[in-house]
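Below are my notes on the model, in numbered points. Please read them beside the coordinates.

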Amino acid sequence: MNDTTLLGEVASEELTDFDVQGITDKPMPNAVPGVVIGFVLWLRRFFIKLADLVVPADAVLFERCTGIAQTQIFGALARWEIADLLSKGPMNAKAIAEHVGANEDAVHRILRAACTVGVFKMNGAGEFENNRLSKALISGQATRAKEFAEYFASQSNSKSYLEIDHILKTGADGFEHTNGMDLWDWFDAHPEERETFAQMMMGVTFSEAPMVAKLYPFNEIKRLCDVGGGRGGLISELAIRYPHLECVLFDCEGVIESAKPLLEARNVSDRVETVVGNFYEKIVPGCDAYILKNVMHDWDDGRCITILKKCHEAAKPGDRVLLVEIIVEPNDRANFGSLRDVHVLTVCTGGGYRKYKAPICPSSEVSYPKPPHSFTAQAPIFTVGPTQIA
Ligand SMILES: C[S@@+](CC[C@H](N)C(=O)[O-])C[C@H]1O[C@@H](n2cnc3c(N)ncnc32)[C@H](O)[C@@H]1O
C-alpha cells in the first residue's frame with residue numbers, strides 16, 4: 001500500500017476497524033438510465049397524489065407526521081440487525097426477541113408497524129419475513145442502507161431536527177445549536193458516529209459513482225484528485241474503470257485512514273495516492289483535474305469560495321475543477337433533493353443545494369457555465385475552468 005502524504009499539521013487520533021464487507025475490485029453495477037429513474041419517480045408521485053385525493057386529509061397528514069416514528073423504527077431495526085436475523089428465514093416476535101435480547105411485545109408491535117409502510121412483511125402465522133425493501137437493510141451491502149438508517153436515527157442527528165424552530169427563526173443549523181459543535185468537529189470527537197456516517201456516505205457514493213464515471217470523459221484526464229473524497233468510493237470506481245488514471249484521494253486524517261482498507265479491497269491502493277490535509281489551507285498540487293462530489297452543499301458561499309480558491313491555487317491554467325452536486329431549483333416542486341436540502345439546512349453550517357442556471361455564489365467572482373455534461377436531471381456535473389476563479 002502507498003504511504004499517505006501529509007499536507008500541514010493534523011491531529012493524530014485513535015483508529016478503529018473499518019468495515020469493507022461487500023466491497024470488491026469489480027466495477028459497481030451501472031446505474032439505471034436517468035430517464036427511467038425520472039419516469040418511475042414521476043409515476044410514484046402521481047399515484048401518491050392520486051391516493052391523497054381520496055384518503056381523508058387528516059389521515060394523510062397523520063401518516064406524514066409520523067416520520068419521526070419511522071426514522072426511529074428503521075434506525076433501531078438496523079442497529080439490532082433484524083434484517084440479518086430474518087435472512088435465515090421467517091421468525092415470530094418471540095423467537096426474534098430471544099435471539100436479540102429484546103421485549104417480545106415491543107418487537108412484535110414495532111415490526112408490525114414497519115410492515116405497514118412496506119418494509120418487512122408478516123405472514124399468516126404472524127411470523128416476520130424479509131421483503132425486497134428490508135433485504136436492503138442486511139449488513140455488508142455496497143449501498144449501506146443499514147448505515148443510512150442508523151445515521152439518520154442517531155441522537156445527534158435526531159436532536160438537530162428538534163431544533164426546527166431555531167432553524168426557522170434564524171436560518172442557522174440545528175446541529176451546532178443542540179450539540180455544541182459543528183458536524184465535522186462532532187465526528188472528530190465521536191469516531192463511532194463518524195464511521196457510521198462514512199459507511200453511509202460510501203454507500204451513497206457507490207450508487208452514484210457509475211453514473212459519474214460513465215458521463216464525464218475521464219479519458220481526457222491524466223491525474224485526478226478527489227478533494228474531500230471521503231473513503232474513496234468514487235476515486236476507486238474511476239481507477240477501476242479508467243486504468244490510465246493516476247489518482248489522488250484528499251481528505252482529513254481519520255477519513256484517509258479509513259479509506260485504506262477500501263482501496264485495498266478494490267485493489268487500487270497502488271494507484272491511489274492518499275493525501276491528508278485541510279481544503280481550507282492547501283490542496284495537493286500537480287493534478288490536471290480536481291473533483292469535489294457532495295462537498296459544496298455542506299458549506300455556505302464564503303467557504304465554498306475559499307475551497308474553490310484553494311483548488312485554483314493548486315491548479316495550473318487549463319486544469320479542470322469538476323463539481324458533482326444535486327441541483328435544486330427554487331421553484332422545483334418534485335425534487336427529492338428538497339428533502340436533502342432541508343437535511344443540510346439542519347445539520348450543516350450554512351449548507352444548501354444550489355440552483356442550476358445561476359452562479360453558485362451570486363455575490364462572488366465565481367461563476368459556472370452551463371454544464372456540458374449531465375448525468376441525470378437532478379444531478380448535473382459542472383466543469384469550471386480555474387481561470388474563472390479569481
Ligand atoms: C459529504 S462528505 C462527501 C465525501 C465524498 N466526496 C463522497 O461524495 O462520498 C464531505 C467530505 O468532506 C471532508 N471534509 C470536511 N472538511 C474537510 C476539510 N477541511 N478538509 C478536507 N476534507 C474535508 C469530509 O471528511 C467528508 O469526507
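1. Strands β5 and β6 (residues 272-276) run parallel and are joined by five bridges. Strands here are DSSP runs of E with at least two residues, helices are runs of H or I with at least four residues, and both are numbered from the N terminus. Two strands pair if DSSP finds at least two bridges between them. Right-handed means that, with the strands pointing away from the viewer, the path from the first strand over the helix to the second runs clockwise.

2. This is a predicted model, in which local features need pLDDT of at least 70, side-chain atom pairs count only at pLDDT 80 or more, and totals for chains, interfaces and linings use all residues. Residues are numbered from 1 along each chain as its sequence is written.

3. On its other pairing, β5 is joined to β4 by five bridges, again in the parallel sense. Arg223 has Glu246 in β5 as its bridge partner. The chain goes from β4 through helix α14 (residues 233-241) to β5 in a right-handed β-α-β crossover. Strand β5 (residues 246-251) is largely enclosed by the rest of the structure, because five of its six residues are buried. Buried means that 20 or more other C-beta atoms lie within 10 Å of the residue's own; exposed means 12 or fewer, and partly exposed lies in between, with C-beta atoms placed from the backbone.

4. Strand β4 (residues 223-227) also pairs with β7, in the parallel sense over three bridges. Here Asp226 stands opposite Ile291. β7 pairs in the parallel sense with strand β8 (residues 320-324) as well, over five bridges, and Tyr290 has Val321 as its partner there.

5. How many residues of strand β7 are buried? Five of the five (residues 289-293) are, so β7 is largely enclosed by the rest of the structure. Side chains in a regular strand alternate between the two faces of the sheet. In β7, Ala289, Ile291 and Lys293 point one way and Tyr290 and Leu292 the other way.

6. There are 17 residues around the ligand, and Thr205, Gly228, Gly230, Phe279 and Asn294 come nearest. A residue is near if its C-beta atom, placed from the backbone, lies within 6 Å of the molecule. The shell divides into seven nonpolar, seven polar and three charged residues.

7. Gly22 lies in the loop between β1 (4-6) and α1 (34-54). Gly22 counts as partly exposed because it has 15 C-beta neighbours inside 10 Å. Leaving aside neighbours within four places in sequence, Gly22 is in contact (C-beta atoms, placed from the backbone, within 7 Å) with Gly140, Gln141 and Ala142.

8. The mean pLDDT (the predictor's confidence in each residue, from 0 to 100) is 86, and 87% of the residues reach 70 or more. Over residues 10-16 the pLDDT is below 50, and this stretch has eight contacts in the model beyond near neighbours in sequence. Residues 358-390 also have pLDDT below 50, with 74 such contacts.

Conventions: Ala, Val, Leu, Ile, Met, Phe, Trp, Tyr, Cys and Pro count as nonpolar, Asp, Glu, Lys and Arg as charged, and the others, Gly among them, as polar. Two residues are in contact if their C-beta atoms, placed from the backbone, lie within 7 Å.
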